[in-house]
Structures are given as structure tokens and as C-alpha cells.
Amino acid sequence: MSVHKEFKKVTTHSLSEMKHLGEKISMLTAYDFSTAKIVDDAGIDVILVGDSASNVMAGHETTLPITLDQMIYHASSVVRAVNRALIVVDLPFGSYQGNSKEALNSTIRIMKESGAHAIKMEGGEEIIESIKRILTAGVPVMGHLGLTPQSIYKFGTYTVRAKEDAEAEKLVEDAKLLQEAGCFALVLEKIPAGLAKRVAESIEIPVIGIGAGHHVDGQVLVLHDMIGISQEFNPRFIRRYLNLYDDIKGAVENYIRDVKAKEFPSNKESY
Ligand code: KIV
């Protein structure tokens, strides 16, 4: 029997209710008005305006170059499209690591200038003070542990994190600290499924996985990976529901052929 509950507007409280009802949380990225509208109309629970926009939208190799102004631009486009989903925005690299005041100021800019509902930050113990300060301003915070792409140059590679005991234990401790600090949910990226299960069972807040197995409370993917617009990125955790790269390329090739052959526009398509 399905335990699916219909929420008119998804809030941080809805997500907590879903965890306790055993209903899995669905989350996808969106960075612009048109795709955010489709994703929201389809009934997604959470839209993440991820700093993966740096890779997907701008073509950078890492998430580091995207700026706070650019994140606000993406987030405000998404906000204009969405009626139901909870909208979470990544604090970009360099907008919060300085100190908790910087973290709060960046958060306030995102909330005021985009109209989003919550922010997400990468890190554990080292960002606890910032999380607490942001929460005193009434802004919900989502945590992010495991593979944290803003630290790619520290890790050196995008391989699975926390396979060794010491890193796994640290991750479990960090997850508890994030919950105690007041995070409403936590993203776990690219860690062993068994470890993700242990975290999801040891904390009350919803745990949303990407490459973290199915024992967590929800799943997130980058939309462009899941609909097959991006082609080069092929980790095993991506399920491609469409092959839009090929479909769009085929359509563009047909259009070019029609233009060159003087078959577009027809009389019916003209005034
Ligand atoms: O920026 C992003 O898209 C993310 C997800 C991969 C969780 O942080």
C-alpha cells in the first residue's frame, strides 16, 4: 500500500513528516524557469538550485567558479516557475567559508533577492557556527557530506568517499553535529550504501542520497544527467530516463536540413 501523502506546498516540515511516514523524498536540480516549471508540475518534492550549475550551465570543470550573484540569478528564475516544491539554493564556494558573518550575509542575499526557501552548505564540524548563525535569522539549512565537490582539490578525485573507517566515523559524527546544530535535512554524496544507511538510521532528519544507495530517505540527481543532456559524466549512480542529447541534436539536424532545402518555412507557416 502506498503511503504517499499529498502536500499542497512542500515545506521543511513536510520532509520530516515524509521520513516518519516512510515516504521517499524526490529531489532534482533546476537552474532556470523553463525546466523548473516542468519539474515542479511533475510533482517533485524539492528543487535544488545546485552549484552544479557551474558545470552544467556554464561549462566549468568544477563548482568553484560560480559566484553568489550567478546563484541568485539562477535561483530567482527557478522561484518564478515553482508553485509546490521546496526550493533549496547552494551557498557557492567562497561565499561562506570566511566566517559565520559572511555565511549569514550571503544567505540573506539569496533569501531576499531570489525568494528561495532554504540554503545548502557543504561541510561538517567546521561550518557548525555558521549554520547556527544562519538559523538565528530563521533560514532553514540543508547539510551536505561525503563527496563535497567544493573541496575537490583537497580530495584530488571524484571517487567514492568514506570507504576507510576513520573517514566513515568522522562522517557519522559530522551528521550528528549537523542535526544538533539544527539542519532540517542532509545530502550524502557518493559514499558506500551501508554507511549511508547507518547515518539515515542514526539521525532523525531526512537524509537524501546521490550515489549513496537506497536505504536513505530520498534521492537527488542533477536533472541534466537524468534526462541525458549531459553525456560525458557517467558515474554508476546516474539513471538516464531520457537521451535528450541525441533527441535535441536530431531535431536541430532536421531543422538545418529543412532550412538549407528551403522546406522551412512553408506557406502555412508564413504570413
Ligand atoms: O550542486 C548540486 O547539484 C548538488 C547535488 C549533486 C546534490 O549539490
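A residue counts as near a molecule if one of its heavy atoms lies within 4 Å of it. By that rule, the ligand is surrounded by Thr29, Leu48, Gly50, Asp51, Ser52, Asp90, Lys120, His144, Glu189, Ile210 and Val222. Before going further, the ground rules: this is a predicted model, where local features need pLDDT of at least 70, side-chain atom pairs count only at pLDDT 80 or more, and totals for chains, interfaces and linings use all residues. Residues are numbered from 1 along each chain as its sequence is written, and side-chain values use heavy atoms, with hydrogens and water left out.

Sort that shell by type and you get three nonpolar, four polar and four charged residues. Here Ala, Val, Leu, Ile, Met, Phe, Trp, Tyr, Cys and Pro are nonpolar, Asp, Glu, Lys and Arg are charged, and the others, Gly among them, are polar.

Now for the polar contacts, meaning pairs of N or O atoms within 3.5 Å. An N or O atom in the Ser52 side chain sits 2.5 Å from a ligand oxygen. Asp51 puts a polar side-chain atom 3.0 Å from an oxygen of the ligand, and for Asp90 that kind of distance is 3.1 Å. Taken alone, the ligand exposes 260 Å², and the protein buries 95% of that (Shrake-Rupley areas, 1.4 Å probe).

Where does the ligand sit? Its space is the largest pocket, taking "sits in" to mean that more than half of its atoms lie within 2 Å of the pocket's grid points. A pocket is an open set of points on a 1 Å grid over the protein atoms alone, where a 1.4 Å probe fits, with protein on both sides within 12 Å along at least five of seven lines; lining residues have an atom within 4 Å of a point. This pocket is lined by 33 residues, with Ser52, Asn55, Val222, Asp225 and Phe233 nearest its centre. The lining divides into 13 nonpolar, eleven polar and nine charged residues.

Key
A polar contact is a pair of N or O atoms within 3.5 Å; within protein, one must be able to donate a hydrogen and the other to accept it, and residues adjacent in sequence count only if both atoms are side-chain atoms.
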